[in-house]
Amino acid sequence: MRLVLICLWWSLFASSANALVIGVYELSPHMVVEGQREPTGAVVDFAKEVLGKSDEFGPLEWRASNFARTLHELEAGRLDMVFLVAKNEKRSQVFRYSKAALFETRSAILTLKGMPPGELTSLDQLKGMRIGHANGSIIPPYFASLNIEFENLTGDDYFQRGLKMVQHKRHNAYFAPTLTNAQYLIKRMDTANLFTVQALPVDMLGLYVVYGKALDEKMVARIDAQLMANLGRYKALLS
C-alpha cells in the first residue's frame, strides 16, 4: 500500500513537472481572470486548441497574477511563457519573443467625459498631465518630451483604482496600453457614461508571446512554430 501511495505521489509530481506553465493576467477579452476560477478568454481558448491537444507540449497549467508579478515570475523561471507582452529594450534582454506579434492594437487614454483633452488629435494635448498606469507596463518613448507625470498603480485592481483617481480628479487620465482591453472593461463595468476612451494617434502596438529561461531552445522553436502557424485562428477567436 505504501509503495502504491509513493508511486501515485510521483505520478502526480511528474505530471505537474512536465506541464507547460503559462502565466496569465487580466487583459479582457484576451485573458479574463476572476478570483480563483480558471482563467478564460481568447488566449486560453487559443492555447488549449493549438497547444493543449498535443502530448508534445504536456498538459497546460495556468498561473494568474497581476501583470508586474507575472513578468517577475517569468523572469525568475517559474513560468514557461506569457501571452500578449509588448516589446521594449529591457524586456528583450531578458525574454525571448515570438517571431511575430500575436495581436496588434492601439494604446489609449481614458478621461472623464467633458474634461480635457477633448477630441485627441495630437499627443501635445497631453502635455503636463498627471496620468495613472499599471505597474510594470511600458511607458512608451513618445511620451518623453511631454512632461507627463506618470503614477504607478499596483495590485490586481489597478484599472478600477485608476478610474477612481480620474473620477476624483486626482489624475487627468489613465493610460491603457491596450485599447481593446480598456473598451471591454469600461463596457463590463457599465461606466461608459462616465469615461471617454480614445486611441492614441500613434503607430499600432504589437503584442507578442514571451518565453522564459526554463524552456530550452528546441521547445521554444516548436511552440512558436505552432503558434505562428495559427495566427489567423487567434483573430477568429476574438471576432
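Helices (H or I, at least four residues) and strands (E, at least two) are DSSP runs, numbered from the N terminus. The structure is a predicted model, in which local features need pLDDT of at least 70 and side-chain atom pairs count only at pLDDT 80 or more, while totals for chains, interfaces and linings use all residues. Residues are numbered from 1 along each chain as its sequence is written, and side-chain values use heavy atoms, with hydrogens and water left out.

**View 1. Helix 2 and the elements it packs against.** Helix 2 spans residues 42-50, and its buried residues are Ala 42, Val 43, Val 44, Phe 46, Ala 47 and Val 50. Buried means under 20% relative accessible area, exposed over 50% and partly exposed in between, with a 1.4 Å probe and protein chains only. An α-helix has 3.6 residues a turn, so residues three or four places apart point the same way.

**View 2. The largest nonpolar core and a second, separate one.** A nonpolar core is a set of buried Ala, Val, Leu, Ile, Met, Phe, Trp, Tyr and Cys residues joined through side-chain atoms within 4.5 Å. The largest such core has 44 residues, and Met 81, Phe 83, Leu 84, Ile 223 and Leu 227 have the most contacts inside it. Strand 1, helix 2, helix 3, strand 3, strand 11 (205-211) and helix 7 each give two or more residues to this core. Helix 2 supplies the largest share, six residues. Contact means heavy atoms within 4.5 Å. Neighbours within four places in sequence aside, Leu 227 is in contact with Phe 46, Val 50, Leu 51, Met 81, Phe 83, Val 209 and Tyr 211. A second, separate core has 14 residues, among them Leu 153, Phe 159, Leu 163 and Tyr 174. In soluble globular proteins, nonpolar side chains tend to be buried together.

View 3. Two strands pair if DSSP finds at least two bridges between them. Strand 7 (residues 130-134) pairs with strand 8 in the parallel sense over five bridges; Ala 134 has Leu 153 of strand 8 as its bridge partner.

**View 4. An aromatic cluster of Tyr 142, Phe 143, Phe 150 and Phe 175.** Rings of Phe, Tyr and Trp (its six-membered ring) pair if their centres lie within 6.5 Å; planes under 30 degrees apart count as stacked, over 60 as edge-to-face and the rest as tilted. By this rule there are eight aromatic pairs. Tyr 142 and Phe 143 form an edge-to-face pair, because their ring planes are at 65 degrees, with the centres 4.8 Å apart. Tyr 142 is partly exposed, at 27% relative accessible area, whereas Phe 143 is buried, at 3%.

**View 5. Lys 87 over the rings of Tyr 97 and Tyr 208.** A charge sits over a ring if NZ of Lys or CZ of Arg is within 6 Å of the ring centre and within 35 degrees of the ring normal. The charged end of Lys 87 is 5.4 Å from the ring centre of Tyr 97 and 4.5 Å from that of Tyr 208.

**View 6. Backbone details at Pro 29, Pro 117, Leu 84 and Asp 190.** The Ser 28 to Pro 29 peptide bond is cis, with omega about 0 degrees, and Pro 29 lies in the loop between strand 1 and helix 2. Another cis bond runs from Pro 116 to Pro 117, with omega near 15 degrees; Pro 117 is in the loop between strand 6 and strand 7. Leu 84 has a positive phi, near 65 degrees. This leucine lies in strand 3 and is buried, at 2% relative accessible area. Phi of Asp 190 is also positive, near 55 degrees, but Asp 190 is in the loop between helix 6 and strand 10 and counts as exposed, at 65% relative accessibility.
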